[in-house]
Amino acid sequence: MKNIKIALAAVLVLTLSLSLCACGEKKEEGKTAEPLKIGVPSDATNQARAISLLETAGLIEVDDAAGFTPELKDVTKYIYNIEIVPAAANTLVSTLDDYGASTINGTYAVPAGLSPSEDGLITEVQDPGAGNPFINVIVARTADKDNEDYQTIVKAYQTQTIAQYILEKNSGSSIPAFDYDPNYEVPDDYVSSLEGYKSSPEGKKVIKMGVCGSGDVWRAVQKVLDDQNSGLYIDVIIFDAYNLPNEALNSGEIDLNAFQHKAYLNSEIASQGYELTDIGDTSCAPLTLYSKKASSIEELKELAGKKEQ
Amino acid sequence: MAEKFRELAPNVYNYSDRFAESMKATFQMFFIAGLLTLLIGGFFGILLIVTKPGGIKPNRAVHTVLEIITNVFRSIPFIILLIFLIPFTRMLVGTSIGVKGAVVPLVFGAVPFFTRQVESALSDVDPGKVEAARSMGSGTLGIIFRVYLKEALPDLIRVITITAISTIGLTTSAGAVGAGGIGSFAINYGQNMHYQDIVNVCVVVLLIIVSLIQIIGNTLARRTYNRELFKK
Amino acid sequence: MIRIEHLEKHFLTKDANIHAVNDVTLEIGDGEIYGIMGYSGAGKSTLVRCINFLEIPDSGSIEISGFGKIVSEGGGLFLEKDGSRAPLSEKDLRKLRRSIGMIFQHFNLLDRSTVFDNIAYPLKYSGRSKAEIEERVDELLGLVDLKDKKKAYPSQLSGGQKQRVAIARALANSPDILLSDEATSALDPDATESILQLLKELNKKLGLTIVLITHEMAVIKSIAGKVAVMEDGKVVEEGEVYDIFSDPKQRITKKFVGTSSGLEKIEKLIENGTVLPADSDTEKLVKLTFTKDSVGEAIISKVSRNWSVDVNLVLANVDVVGENALGGIIAKISGSAENVKGALEYMSSCGVNTEVIANGGEV
């Protein structure tokens, strides 16, 4: 009986010490092997830009064949020991503490008090001129691309009023992608007075516009349209996800959409066979890599360490 | 009052018109989808009970098919159902977006859940009561309305309450197809624009709606019990 | 009259084919109280459910006076009436059920309805107006003596009161036949007695034919006129209750009768060896059954006087079956071999059913 007790005790001690050792070992391992997590938007439209940005930062290498829309599978080499973690774009601000660094859209970062110039490690270089694939666009069905009403809306968007709205609203993190005068002065309540603008569809032709996010800019555009007596009313339909506005537009359930850049549109056309065409540029919002753990790209690289090949 | 509110939730105040629209969309989705779910799910739940082996009108084929459909749709997460049903929705109501387009997937999401709940509530009715009704010459409809639905009423009210609350939950995902609603408002304005007060108010509003449904349901369920029933 | 002919019913379960009713032929006369007795699983419950077609028999026929003869054939039901034959419609079936009342072991009242609404349930099918329904319910409440419980819910009633409500409900549309499925099995002895008295009264007052199934002998003894004993789906013995009790033929019937009289305890005593007679000729253990003709006579004292034998009473029991007394005695008779023989012969000649259950050392 006594022997059994001793044997049991021995087994217990052995098991405990073994498991403790195992834990310790694991921790030891983690220090060298655990990769640094980098958050990127999970939607294809932003993820491609994030991957390009990480390449620019010198953290990874990407297959040239992927062009403007690389995916995770196109990453050919991890130069530093990082892991790219896709997450919903709008959650990256709140979870920034949990990542080594995250690539965040200006539209989400700026309202949260992050400044690309002060807090960012690296920001996309965005040329608002033609040829930049990351310029956001208004899209119509190819068959309707010359529709006069749609052109009227594009023209109403590409005005000084809207340019000022975009710049003021986003504190410079979003830039108009059309000609405007950068020297202007506006009252304090400029943004809120435009957003508060109310119009009615009565007696007007209703144009259904699919967007993602708040879509408040279209209230400002509506004011421009009404001031011109255009007889058009923009009915904004907010989609919570990026996967549907193109589908809805292609099937004719909405008339226009404005939520994506050219690169994303082109990849959607290629993969889904949509017959869509961009009919006007709106703005571009650079993506920035933010971190709470490192204050520069160099520091981040040091934190991650070189990836053992 | 308004001043106080403005102070506590400045962004909700600024976006009060969008907030009102969201509430309207949520209620529209809830009432239309809820009513359809009540009718369709109630019908299927009764059909499951009636056609089960040993039921009052056993029918193996109908019962099996209904079982399979219910189980399949119950196991599909709502957000996936929302996308999966788009072509069907478009065929059925002409559009897959907006409140109208959201109602179809909402019904598909809630009906299987409600069907099961109704089935379980009705199967609690003592088979002896059903047999007694048959012995008195009641037909199928008579037994459904005068025995099953009447005897199970408090349980039915309880499962309607549970389903109503879960339907409110489903409506918050409907923003994916552009239907708006409080959930969409909380994401697009509260979360994305970092207006915490909007998130808070949305949570409180949903909490109030859910509590109201629960309170109404509990009260009705209690009323329909004969209080004497449990005196013994 | 209910005439059941060659009735068959099988149940298919996963592992077995149960022959619940096996070629049953019975005739139940108008105004009779007919008991069907058997252990659980004997098929009596299925048989009675076939009478109002809650169970559809596989084959055979049931003729109910005033309605016609319903034949089950090839999976369908047919109604033979006035020489013509047609498939039994759902409507006819429901009409038939409405003309036969049924009560159950667990009452099966609707818990969320008042006593009034429970009784009014079948009246909805009678085409009566609201006022007429109210009048009829009051009448029925009077019949079962529950006038003051009209607005009560079933949960507020005792078991006996619940069964009274169930009886009132079953009689609402004035049926000629009442089926009772173990109606007193869930009740205490007092309530059982009062329900049986009520059934007897209703039988007399309304001329109601009552078919009752039970596993309780006391119920049969108390109110039934005729009885059928069922075992494994078959009716093994049938007849007047008194005859069956005084002279059971089948093993199962003897077992039932024995259980009810308490005389079966003798088997225990024999097993223990305490009552075994010493010699086979001079001492015998006998079971004497006194029927209505002999129960009044002083046979025991006559025998012991005239044949100078000792009669040692081991067990005795006197029952009332229906209106008549039925006595049973187990006694040890000892004396000279001749006298013992003579005593037994005398008793038989007096109409006492005499059965030797043990001879010295042998059972």
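Predicted model: local features only at pLDDT ≥ 70, side-chain atom pairs only at ≥ 80, totals over all residues.
I will start with chain A. Chain A has eleven helices and 14 strands. Its radius of gyration is 25 Å, while the globule rule gives 19 Å for 309 residues, so chain A is more spread out than a compact globule. The box that holds its C-alpha atoms, taken along the principal axes, is roughly 100 × 40 × 40 Å. Of the 309 residues in chain A, 43% are buried. If we take the contacts in chain A between residues at least 6 apart in sequence, 75% of them join residues at least 24 apart.

A:S102 sits in strand β5 of chain A, which covers residues 101–105. Is A:S102 buried or exposed? It counts as buried, because it has 27 C-beta neighbours inside 10 Å, and the cut-off for buried is 20 or more. Leaving aside residues up to four places away in sequence, A:S102 touches A:I38, A:G39, A:L92, A:L96 and A:Y290. For a sense of distance within the chain, take A:S102 and A:E195: they are 93 residues apart in sequence, and their C-alpha atoms are 30 Å apart in space.

Now chain B. For contacts in chain B between residues at least 6 apart in sequence, the share that joins residues at least 24 apart is 70%.

Next, the contacts between chains. Between chains A and B, 19 residues of chain A are in contact with 19 residues of chain B. Which element gives the most to the side of chain A that touches chain B? That is strand β10 of chain A, residues 232–239, with three residues. By class, this side of chain A has eleven nonpolar, six polar and two charged residues.

Between chains B and C, the contact takes 17 residues from chain B and 18 residues from chain C. On the chain B side, the elements that give two or more residues are α8 (127–135) and α9 (140–151). Helix α8 of chain B gives the most, with six residues. The chain B residues on this side divide into five nonpolar, five polar and seven charged.

On to the nonpolar cores. The largest nonpolar core has 202 residues, and those with the most contacts inside it are A:V139, A:I153, A:M209, A:V221, A:L256, B:M29 and C:V211. Helix α7 of chain B, residues 98–123, supplies the largest share of this core, 14 residues. A second, separate core has 17 residues, including C:L285, C:I333, C:A343 and C:M347. Going back to C:V211, its contacts beyond four places in sequence include C:I28, C:Y34, C:I36, C:V48 and C:I51, and also C:I177, C:L179 and C:S180.

Helix α5 of chain C, residues 159–170, has twelve residues and reaches 16 Å from its first C-alpha to its last, close to the 16 Å expected. Ten of its twelve residues are buried, so α5 of chain C is largely enclosed by the rest of the structure. The buried ones include C:K162, C:R164 and C:R169, along with C:V165 and C:I167. What covers them includes β8 (100–103), α3 (115–120), α4 (130–143), β9 (177–181) and α6 (189–206) of chain C.

Helix α12 of chain C, residues 337–349, has 13 residues and reaches 19 Å, close to the 18 Å expected. Which residues of α12 in chain C are buried? They are C:V340, C:A343, C:L344 and C:M347. Cover for the buried residues comes from elements including β13 (283–290), α11 (299–306), β15 (324–334) and β16 (352–359) of chain C. After α12 of chain C comes C:G351, whose phi is positive, near 90°.

That is the end of the talk.

Key. Residues numbered from 1 in each chain as written. Chains lettered and ligands numbered in written order. Helix = DSSP H or I, 4+ residues; strand = E, 2+ residues; numbered from the N terminus. Expected span 1.5 Å × (residues − 1). Contact = placed C-beta atoms within 7 Å. Rg over C-alpha atoms; globule rule 2.2 N^0.38 Å. Nonpolar A, V, L, I, M, F, W, Y, C, P; charged D, E, K, R; others polar. Core = buried A, V, L, I, M, F, W, Y, C linked by C-beta atoms within 7 Å.
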